[in-house]
Each structure stands twice: as structure tokens, then as C-alpha cells.
Amino acid sequence: MSRPWAARLYRGPRRLLERALGPARVERWAERVPYKHLTYCLVTWTTRVPEEVERKLQTSGFLLRDGTAPDIDALEGERLYDDCATYRAWLAEGQQLLVAEEAGRVVSYVWLDLARSIALENLPEYQVEIGPGAAYGHEAWTLPSHRGRSLRRLTYVAEVLAARRAGKQWLVAYQLKEETLDAMLVNLARTGIPRGDVIDVVHVVQGGGFRVTWHQRPSRPHEAARFVSTSRRR
Ligand SMILES: CC(C)(COP(=O)(O)OP(=O)(O)OC[C@H]1O[C@@H](n2cnc3c(N)ncnc32)[C@H](O)[C@@H]1OP(=O)(O)O)[C@@H](O)C(=O)NCCC(=O)NCCS
């Protein structure tokens, strides 16, 4: 549960320490105590794709296309991000599956969701509200045997183009800063589509049965998306 007073109790002293000792030292110190400070970031990219980027899809050697129910059946037994039952449910509710195929086998995929409100499994205190001009991309996965062959960059371009076909100006995703946020931004910018921007941030501090969340609101909300509290009390 979120407790704004507890968040203030944590943030105030932490900021003072950061000013006195420097953020890097405080971060090193924080790593040694038994709690975690997680930073959830919303990221957005423009769907204005340079023509030469689009052309790369045609010459990649992989077939990029919409995924179907038989694709999900064929993925059964592969090592996947989630299970096929979940994927069938997503397809049934209208989410779009985008796949990269090689020699008749789906080797990488990503999901595009046009819903306006996205629930977050690991962050139940917030949901993502998606603006009318944006689409939400999630669950990018490349089969472990095929990683490092640009497949994610290709499915990302396909994802951006699918969002554009749906009339959207923005593609939105969310990622933990501590995981691979920077690696993701750098890698996806290698396609030639401008690097994504972090547009909204939620912090979570947890440990020993204690969990505090707070929303580090941007100075100006972005039209593409924002975190919204799921609790009326905040
Ligand atoms: C992340 C992932 C989709 C990348 O797939 P891939 O087809 O190997 O990606 P590419 O070949 O296009 O690019 C490889 C680069 O992706 C970078 N990368 C790491 N995390 C990434 C991410 N979340 N999104 C995009 N690129 C990422 C790596 O740093 C690597 O860089 P390098 O080539 O300099 O070593 C794949 O490793 C995977 O399925 N991981 C598990 C699921 C996951 O973390 N999904 C992303 C979060 S939704």
C-alpha cells in the first residue's frame, strides 16, 4: 500500500544525504541495506519513421508480419516470456501480435495493445493511462537461440509501424530502470528511429514487509501516457 507520509520520510533524508555525500555514494550504501529501491519508467517514441528504416524491414532476411492463433499454437513448447494460454487470451481480447519468422518458425515477437488503460502486474498501486494518440507495446521476446541477431530491433520497427498504421503518433512502453532501460534505449535507437524519452516515473522502496511508492511527476505531463494511481485516497 502507498503511504505518502512514509514516502516523504524516506525521500527527505535520502535527498539530504545525496547532497552531502553525492548520489553515487548513497546508492552504494543503499545497495548494502536489505531493501530495494525500484524505479519504473514510462518511455515513448515517435512513430514518424524515416523511409530508409522501413526499407530495412524488407531486406532483413526475416519475415515480419502480424501473428495469428496458429503462430501461438506453434510456439507451444518453446521457451517464452509468458505462457501460450495468456497469449491466446490477449489475442482474443484484441491485442495485436507482431512476429519475426525465419524458415517458417516464429523466432521473435512483441505485443501491441490499443487499450487506454494498462494494469501493471508488479506495480498494482498504479496503472498506465494511454493517450488517444498512443499505443502500448510490451512483452518483447526473442528465442534464446536467436538473440543478438537484430531481431528485437526489427520487431520494434514493425511495432512502431503498426502503431502508425493504427493512426497513433506515439509508441509507449514501460521498463524498470534497474533492468535494461538504458540498454533498451540505446539498442532501439540503433534502428534510426530517434531515442525514446522517459516521460513519467514511479519509485518503489520495499523490504522487510514495508513498501512505499511515490509518483515523481514530470513538470509537464506528456500527451502519450502517464502513471495514474489506482487508489482514490492518493
Ligand atoms: C531483450 C531481447 C528482446 C533482445 O532481443 P534480441 O533479438 O537479442 O535483440 P537485438 O539482437 O535486436 O539486440 C541485442 C541488444 O539488445 C540489447 N538489449 C538488452 N535489453 C534490451 C531490451 N529490453 N530491449 C531492447 N534491446 C535490449 C542488448 O544490450 C544487446 O546489445 P548488444 O548487441 O550491444 O549486446 C531478448 O534478449 C529477450 O527476449 N530478453 C528477455 C525478455 C526481455 O527482457 N524483454 C524486453 C523487456 S519487455
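How many nonpolar, polar and charged residues does the shell around the ligand have? I counted by class and got seven nonpolar, six polar and five charged residues. Ala, Val, Leu, Ile, Met, Phe, Trp, Tyr, Cys and Pro count as nonpolar, Asp, Glu, Lys and Arg as charged, and the others, Gly among them, as polar.

I note that this is a predicted model: local features need pLDDT of at least 70, side-chain atom pairs count only at pLDDT 80 or more, and totals for chains, interfaces and linings use all residues. Residues are numbered from 1 along each chain as its sequence is written.

Ligand shell. I listed 18 residues around the ligand, a residue being near if its C-beta atom, placed from the backbone, lies within 6 Å of the molecule. Thr142, Arg147, Leu151, Arg152 and Met184 come nearest. Strand E7 (134–142), helix H6 (151–165) and helix H7 (181–189) each supply at least two residues of this shell.

Secondary structure. I find seven helices and 11 strands in the protein; these are DSSP runs numbered from the N terminus, with at least four residues for helices (H or I) and at least two for strands (E).

Sheet. I read the order of an open, eight-stranded sheet with mixed pairing as E2-E3-E4-E7-E8-E1-E9-E10; strands pair if DSSP finds at least two bridges between them. Strands E2 (63–66) and E10 (210–216) are the edges, each pairing on one side only. E2 runs antiparallel to strand E3 (residues 96–102), joined to it by four bridges. In this pair I see Leu64 opposite Ala100 of E3.

Extent. I get a C-alpha trace spanning about 55 × 35 × 35 Å along the principal axes of the protein.
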